[in-house]
Amino acid sequence: MAGGAREVLTLQLGHFAGFVGAHWWNQQDAALREPADARETPGELCPDVLYRTGRTLHGQETYTPRLIVMDLKGSLNSLKQEGGLYRDTQQDTAIAWEGKLTTHAEELHPKNPYLQDLLSAEGVLCSDGVWRVKSIPSGKGPAPHTTATPSKPRIPTEGSIQVWSDFLRVHLHPRSICMIQKYNHDGEASRLEAFGQGESVLKEPRYQEELEDRLHFYVEECDYLQGFQILCDLHDGFSGLGAKASELLQDEYTGRGIVTWGLLPGPYSLREPQKNIYRLLNTAFGLVHLSAHSSLVCPLSLGGSLGLRLEPPVHFPHLHYDATLPFHCSAILATALDTVTVPYRLRSSPVSMAHLADMLNFSGKKVVTAGATIPFPLVPNQSLPDALVQLGGATPWTPLSACGDPSGTRCFAQSVVLRGLNRACHTSQLPPGTPAPSVLHTCTTGEEVLARYLEQQQPAARSSSHLLLTPCKVAPPYPHLFSSLSQQGSGLDSPPTGAAVDSIPVLGALCSSSSLDRTLGDLAKELTKVDLRRWASFMEAGVEQGDLEELLQELRSLAQCYQGGDSLGD
């Protein structure tokens, strides 16, 4: 791989994982398409970590995500399982049978209007039946085939979004999508709703071999594979499938990093008791089994609790979002994910997945929490030291792991990324002779400012920090969520007049926190009240009462790893 990239293979397991992944890949795509002369420091992040080069059957160069997606029958709508990039009309060979022929064609889903615009903007179906993709300004991808001026990108309406493929603007490789045909995405019958069902999927030779074949295809072309990142639904049967997939990766690719992001959609309803109990059981089984086979596990959710306690969704001062819409929730989580994964995607001096995990998961602490400030609040003419001092002693980010308010808890280790601030505001610009309001105003680099601030906040924590000029891209089809940002998102300003925000500064963090002692302990307490005999369908999926007792013991043991005092003075 050019430039010696340390490749990562991404697995997306589940439908909400597909939503988060679609936003994530759209953000990568938007960063790729930004003209080089528009970036102050091109190349801070290495796209080859996540992408692979290839060629179609017609010799056209492609640049596609190194990605395996697993989802259920009926979850793709108009997106073809083999994608649209490598389509080959010559495969429609003549049929030699001379007798009576009956053709049964499944009714096609209408393509989302946003994707129809995307097709015209991103490529063209030529007279020879070959789909040719237009060039990417960064130099990746094939040569352009048209000089037409692209139309202004449109944002899909919330009502038009039914599945994640309705707003995915990235072309996938034919080996990316793997459909689980035995379970349905829609309807009440044949649902993948229990942990044991998900585990059993990858015990079937058909699906296990299909996953292994795709893994081998991507892995064998890597020069230096640093590991795997798994985006996995925690609330349904995909938690079991993810646990089995991580076990397979651990057994077959020893020594590689495995970072798992356990995803939970928005708030739940008290009117659905069975779904809530399943959510609790799947989350608990998923966290325990995923942590056993992963280097690091981080739950991601905009909810206030991993258990049955009903809590309001988290609040962002400068975002207006609907917590009931997966399109909104997944966009926010993808933005956080795009920031906290920066260390192992850097072009210069990257931190490998394995080293990042080792820094955070010492003493058995394999579960971490995430947090983000979206966007980072910097008003015009304000410096980074000014903004951080203004935050005071409060936790500077909104919690994104449904572990409650982190205030007053102890942080054992943390990895923090701040991106998207202009270099001019990294340090204080006080006139000579002006007394410094704080020690942060005496720092000579932005990196020193951030490191000093984190040391003040958590003096005993093991900290790693990165400061990037590259902002996070939030161009369409990212939803309109921002209340008061300039178009570039570089600072808080008056509301934009008709123009969509294109990029924003973001502060993101991964923390090994004592809050997990309480969170995991509360999960165990809630599970002690569950009588599996009342939920026969969960037991029919292969889970027994003895498995629940073992789960409780493992949850309590995992919670004990985070005991260390709830106050900073302990």
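This is a predicted model: local features need pLDDT of at least 70, side-chain atom pairs count only at pLDDT 80 or more; totals for chains, interfaces and linings use all residues.
Trainee: Why are Ser 301 and Ala 402 called buried?

Mentor: Buried means under 20% relative accessible area. Ser 301 has 1% and Ala 402 has 4%, so both fall under that cut-off.

Trainee: Why is Ser 349 called exposed?

Mentor: Its relative accessible area is 60%. Exposed means over 50%, so the label applies. Ser 349 is in the loop between α7 (326-340) and α8 (353-360).

Trainee: What makes the phi of Ser 349 worth a remark?

Mentor: Most residues other than glycine have a negative phi. Ser 349 is not a glycine, yet its phi is positive, near 50°. Ala 402 also has a positive phi, of about 55°, and is not a glycine either. Ala 402 sits in the loop between β12 (398-399) and β13 (411-419).

Trainee: How do you know that Ser 301 touches Ala 402?

Mentor: Contact requires heavy atoms within 4.5 Å. By that criterion Ser 301 touches Leu 264, Pro 265, Leu 333, Leu 400, Ser 401 and Ala 402, leaving aside residues up to four places away in sequence. The C-alpha atoms of Ser 301 and Ala 402 are separated by 5.8 Å, although the two residues are 101 residues apart along the chain. Ser 301 belongs to the loop between β10 and α7.

Trainee: Which peptide bonds are called cis, and what omega do they have?

Mentor: One joins Ile 374 and Pro 375, with omega about -10°. Another runs from Pro 476 to Pro 477, with omega near 20°. Most peptide bonds are trans. Pro 375 is in the loop between β11 (369-373) and α9 (384-391), while Pro 477 is in the loop between β15 (472-473) and β16 (503-504).

Trainee: Why are β7 (177-184) and β10 (296-300) said to stand at the edges?

Mentor: The open sheet has six strands in the order β7-β4-β1-β8-β9-β10, with parallel pairing. β7 and β10 each have a single partner strand, so one side of each lacks a neighbour in the sheet. From one strand to the next, the twist averages 15°.

Trainee: How do you know that β4 (residues 67-73) pairs with β7?

Mentor: Pairing needs at least two bridges. Five bridges join β4 to β7, and the two run parallel, so the pair meets the criterion. Met 70 stands opposite Cys 178 in β7.

Trainee: Which helix lies across β1, β4, β7, β8 and β9?

Mentor: That is α5 (residues 238-252), which runs at about 165° to β8. Helix α6 (residues 273-293) also packs on the sheet, touching β9 and β10, and its direction makes about 150° with that of β10.

Trainee: How do you know that β17 (residues 506-513) is mostly covered?

Mentor: Eight of its eight residues are buried. Val 506, Gly 508, Leu 510 and Ser 512 point one way, and Leu 507, Ala 509, Cys 511 and Ser 513 the other. In a regular strand the side chains alternate between the two faces of the sheet.

Trainee: What makes the buried residues of α13 line one face?

Mentor: They are Leu 548, Leu 551, Leu 552, Leu 555, Leu 558 and Ala 559. Seen down the axis of α13, they fall within an arc of 135°, so they line one face of the helix. Gln 553 and Gln 560, on the other side, are exposed. The cover over the buried residues includes α6 and α11 (515-528).

Trainee: How does the span of α13 (residues 545-560) compare with the expected one?

Mentor: The helix has 16 residues and reaches 23 Å from its first C-alpha to its last, close to the 22 Å expected at 1.5 Å a residue.

Trainee: Which residues have the most contacts inside the largest nonpolar core?

Mentor: Trp 261, Leu 302, Phe 316 and Tyr 321 do, in a core of 69 residues. Helix α7 gives the most to this core, nine residues. Another core, of 38 residues, lies apart from it and includes Leu 280, Leu 290, Val 367 and Leu 516.

Methods. Residues are numbered from 1 along each chain as its sequence is written. Side-chain values use heavy atoms; hydrogens and water are left out. Helices (H or I, at least four residues) and strands (E, at least two) are DSSP runs, numbered from the N terminus. Axes are lines fitted to C-alpha atoms, for helices over the stretch in contact, and angles run from 0 to 180 degrees between N-to-C directions. Buried means under 20% relative accessible area, exposed over 50%, partly exposed in between (1.4 Å probe, protein chains only). The expected span of a helix is 1.5 Å times one less than its number of residues. The arc is that of the directions from the helix axis to the C-beta atoms. A nonpolar core is a set of buried Ala, Val, Leu, Ile, Met, Phe, Trp, Tyr and Cys residues joined through side-chain atoms within 4.5 Å.
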